[in-house]
Amino acid sequence: MNNTKELKNYLTQLGANTSLPQSPSKAKLEKVPAPYPEYDYTIRFTAPEFTSLCPITGQPDFAHLVIDYIPDKWIVESKSLKLYLASFRNHGAFHEACTVEIATTLTKLLDPIWLRIGGYWYPRGGMPIDVFWQTSTPPENVWIPSQDVPAYRGR
C-alpha cells in the first residue's frame, strides 16, 4: 500500500502534535502494511538513550536498545515506536522486564517472521545487565547484521 490517503487510515499520531504517554500501557503503538510483504528483509531500530526507572529505588536506568525484525504483513510506525519507548522513562521495572515487554508487545502487534531485541543496560551498582530475546531461529535467506554493541568495559 503506497497510497498516502489509505495509510492515514492506520495512523493517529504521525503528522499530529502528540504528547508523550505517561506509561507503556497508555502508549499507542501503530502499524502499517509492509510495503513489500513478498520479500524478506530486516528492519532495525536503535534507541541508544533508552531510559526507565528502577522499580525499587526510583532511580533512572539507561540502556542502548537494538531491535531487529523481519516483517510479514505489518511494520511498526516509527513515531509511535519512539513515543512508546520514551514512555518507559516514567515506568518502574527491572531491566529484564522492560526488554522482554518491548519485544513481546512488538511481536503481538506485528506478528513478524522474526524479531530480536538486545538490551544493553549501563551499570548501576557496578554491574551492567544485558538482556537478549528473540522469537525463533532467524531465517537463513535474509541478511541480519550483527548488533555490534560492545560489552561495557568501564573507564
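## Overall make-up

The protein chain contains three helices and six strands; helices (H or I, at least four residues) and strands (E, at least two) are DSSP runs, numbered from the N terminus. Along the sequence, these elements follow the pattern α-β-β-β-β-α-α-β-β. The model is a predicted one, in which local features need pLDDT of at least 70, side-chain atom pairs count only at pLDDT 80 or more, and totals for chains, interfaces and linings use all residues. Residues are numbered from 1 along each chain as its sequence is written, and side-chain values use heavy atoms, with hydrogens and water left out.

Of the 155 residues in the protein chain, 39% count as buried. Buried means under 20% relative accessible area, exposed means over 50%, and partly exposed lies in between (1.4 Å probe, protein chains only). Contact means heavy atoms within 4.5 Å. Among contacts in the protein chain between residues at least 6 apart in sequence, 68% join residues at least 24 apart.

## The four-stranded sheet

Four strands form an open sheet in the order S2-S3-S5-S6, with antiparallel pairing. Two strands pair if DSSP finds at least two bridges between them. Strands of a sheet pair through backbone hydrogen bonds, either parallel or antiparallel. At the edges are strand S2 (43-53) and strand S6 (130-134), each of which pairs on one side only. From one strand to the next, the twist averages 15 degrees.

Strand S2 and strand S3 run antiparallel and are joined by nine bridges. Across this pair, arginine 44 stands opposite aspartate 68 in S3. The hairpin of S2 and S3 has six residues between the strands, and glycine 58 in the hairpin takes a positive phi near 80 degrees.

Strand S3 (residues 60-70) also runs antiparallel to strand S5 (residues 114-121), with eight bridges joining the two. Tyrosine 69 has leucine 115 of S5 as its bridge partner, while leucine 65 has glycine 119 of S5. Nine of the 11 residues of S3 are buried, so this strand is largely enclosed by the rest of the structure.

## Helices H2 and H3

Helix H2 (residues 78-86) packs with helix H3 (residues 95-110) at an angle of about 150 degrees, and their axes are 12 Å apart. Axes are lines fitted to C-alpha atoms, for helices over the stretch in contact, and angles run from 0 to 180 degrees between N-to-C directions. H2 and H3 are therefore roughly antiparallel to each other (angles under 35 degrees count as roughly parallel, over 145 as roughly antiparallel, 65 to 115 as roughly perpendicular and the rest as oblique). Leu81, Tyr84 and Leu85 of H2 make the contact with Glu101, Ile102, Thr105 and Leu106 of H3. These residues divide into five nonpolar, one polar and one charged. In this grouping, Ala, Val, Leu, Ile, Met, Phe, Trp, Tyr, Cys and Pro count as nonpolar, Asp, Glu, Lys and Arg as charged, and the others, Gly among them, as polar.

Helix H3 also lies across S2, S3, S5 and S6, and runs at about 160 degrees to S5.

## Threonine 135

Threonine 135 is located in the segment after S6. With a relative accessible area of 32%, threonine 135 is partly exposed. Leaving aside residues up to four places away in sequence, threonine 135 touches Thr107, Ile113, Trp114 and Leu115. Threonine 135 and arginine 116 are 19 residues apart in sequence and 6.5 Å apart in space, C-alpha to C-alpha.
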